[in-house]
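Here is a walk through one protein model, strand by strand and core by core. Have the coordinates open as you read.

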Amino acid sequence: MKRIINILIIVLISLSIQAQHDYNKKYYPPTDPLVVQKLEQWQDLKFGLLMHWGPYSQWGVVESWSICSEDEGWCKRPEEDYISYKKKYEGLQNTFNPTQFDPGKWAKAAAGAGMKYVVFTTKHHDGFCMFDTKFTDYKITDSKTPFSKNPKANVAKEIFNAFRNEGMWAGAYFSKPDWHSPYYWWPNFATPDRNVNYDVKKYPERWENFVQYTQNQIMELMSDYGKIDILWLDGGWVEKMNADQVKAYVTAPDYKFMHIQNQDVRMDELAAKARQLQPGLLVVDRAVEGPNQNYLTPENQVPKEMLAYPWESCIIMGGGWSYSFDAQYKSGRELVHMLIDIVAKGGNLLLNIAPSPKGTWDDAAYQRLQDIGKWMDINGESIYGNRKSAPYQEGPVYYTRKKDGSALYLLYCVKEGEKMPEEFKVTGIEPGKKPTIEVLGFKGKVNYVQSGKSMTIKVPKSIVRNNDFSYALVFRVK
Ligand code: GLC
């Protein structure tokens, strides 16, 4: 019996090593020295802004998905005939007029919160371009769109410039699938799902037109919009696949009605061309295993553990990715704790705010940014330029460490309505050292008692008495 248990344990351990290995294998580190360097710098930034904005915002519905004929919750649309619904959806172009658009105000608020980069939806799956492309009239700068008359009509350009003026990096979200392009959804056929709706092998010229269309638009973004730091490509089902990979999809037990096929837009070529125009550009071909995904992007979730490669969680601040009229926003405390959890695990947080059809943000969004900013002003040094440090968490305490090892930070997250305790124990400080410990934003040294591997930190009395100090108290250990 004991032998069987032993064998079982060995099998389980080797299976888990295998699983771990598969997990790590999904990341391909860059080799271009400029990309390596930029990726390192990007990991110092920690905190960015994502925005989903388009004509769909007028209805307060999900971005793009309501024109996709999949039986999924996020594809919900009113029960009416699909053709007339899609016409109305596309007709939203004719009324999109966000006259209160003021990207300078957004950029200032984002910078005030300590955000260091922006990623903006230049084109979502529905194909509507929020930039002035030459290759379609389904765009914000076309005369059919009322906002085209506004001097700030090329909103992508305005946003990138405004955020750069505040010292932030610029990232272009771009959807590879395009549900408006006749080269992706050929009007000759119905559109059963998110995929290309014709057989790419049978109509190679049509597909080649799509590849050209995609590459041309991305080159426009790389040429005419100043310095672009990140090309954030969504729609991972548009990917190069060999026959075996397609078969693996189609025969998977959870395979539904997704008409997967090889949808090769020649990403290697595209990334190389883009980097000729934007040296060192970070390319994030989301969810596509391979060298064109410089960092990974867990969606609307924080990974449970530290990850062994560069990553960024994109997370909604309130409502959905796109504007909703009744959005409930996460609290400032929740957001700061989430940022801490992510940074302690070695990631970045890309926080989504959805602009309204008028071109404004909800007051609640500004309020949250201010709340975060107040905390960051005092505690930012425990966030930026740090790397993960085991054990990244012990109860309410999270760890970060300066890249060069010059300081360790203990970030004590205080729950709503809770007080700082008079003392707490940690085990992540090297035994034998006699460090100096200070609380960021407070004068004076912190007392502690070391015993073996663990250290009891005595929280200064003035802090314990004052319950109103912060969402998280940061102890710098040097
Ligand atoms: C999901 C949504 C997509 C959105 C993305 C952002 O994939 O379906 O619409 O753009 O999340 O991460």
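## Strands around β10

Strand β9 (residues 393–394) pairs with β10 in the antiparallel sense, over two bridges. Within that pairing, Q393 stands opposite Y398 in β10. β9 and β10 make a hairpin with two residues between them, and G395 in the turn has a positive phi of about 60°. Keep in mind that this is a predicted model.

β10 also has other partners. Strand β8 (residues 386–387) pairs with strand β10 (residues 397–402), again in the antiparallel sense and over two bridges; here N386 has K402 in β10 as its bridge partner. Then there is strand β11 (residues 408–413), which pairs with β10 in the antiparallel sense over five bridges. T400 stands opposite Y409 in β11. This hairpin, β10 with β11, has five residues between the strands, and G405 in the turn has a positive phi of about 80°.

## Another hairpin, β14 and β15

Y448 has I457 in β15 as its bridge partner. Two residues lie between the strands of this hairpin, and G452 takes a positive phi near 60°.

## Two domains

How is the protein divided up by the domain assignment? It gives domain 1 (2–382) and domain 2 (386–477). The C-alpha centres of domain 1 and domain 2 lie 36 Å apart. As for the contact between them, 25 residues of domain 1 touch 24 residues of domain 2.

## The cores

The largest nonpolar core has 127 residues, and F163, W361 and W375 are the ones with the most contacts inside it. Domain 1 (2–382) and domain 2 (386–477) both give residues to this core, so it lies between them. There is also a second, separate core of 21 residues, with L410, F424, V439 and I463 among them.

Which residues does W361 contact, leaving aside its neighbours within four places in sequence? They are L49, M51, W106, A109, I353, P355, Y366 and L369. W361 turns up in an aromatic cluster too, alongside W53, F96, F101, W106, F147 and Y366.

## Aromatic pairs

A search of the whole structure turns up 30 aromatic pairs. Take W59 and Y85: their ring centres are 5.8 Å apart and the planes sit at 45°, so the pair is tilted. The pair links distant parts of the chain, with W59 in the loop between β1 (47–51) and α3 (82–91) and Y85 in helix α3, 26 residues apart.

Y85, at 3% relative accessibility, counts as buried.

## Lysines over rings

K38 lies over the face of W169, 4.3 Å from the ring centre. This lysine belongs to helix α2 (residues 33–45). Is K38 buried or exposed? With a relative accessibility of 8%, K38 counts as buried, because the cut-off for that is under 20%. Not counting residues up to four places away in sequence, K38 touches W169, K227, D229, G280, L281 and L282.

## W232 and its surroundings

W232 lies in strand β4 (residues 230–234). At 1% relative accessibility, W232 counts as buried. What does W232 touch, not counting residues up to four places away in sequence? The list runs V119, A172, Y173, F174, V284, R286, Y295, T297, E312, C314 and L350.

One more spacing involves W232: Q293 is 61 residues apart from W232 in sequence, while the two are 9.1 Å apart in space, C-alpha to C-alpha.

How values were computed:
Residues numbered from 1 in each chain as written. Predicted model: local features only at pLDDT ≥ 70, side-chain atom pairs only at ≥ 80, totals over all residues. Heavy atoms only, no water. Core = buried A, V, L, I, M, F, W, Y, C linked by side-chain atoms within 4.5 Å. Buried < 20%, exposed > 50% of the residue type's maximum accessible area, 1.4 Å probe, protein only. Domains from an automatic or database assignment. Contact = heavy atoms within 4.5 Å. Phe/Tyr/Trp six-rings, centres within 6.5 Å; stacked < 30°, edge-to-face > 60°. Helix = DSSP H or I, 4+ residues; strand = E, 2+ residues; numbered from the N terminus. Lys NZ or Arg CZ within 6 Å of the ring centre and 35° of its normal. Pairing = 2+ DSSP bridges.
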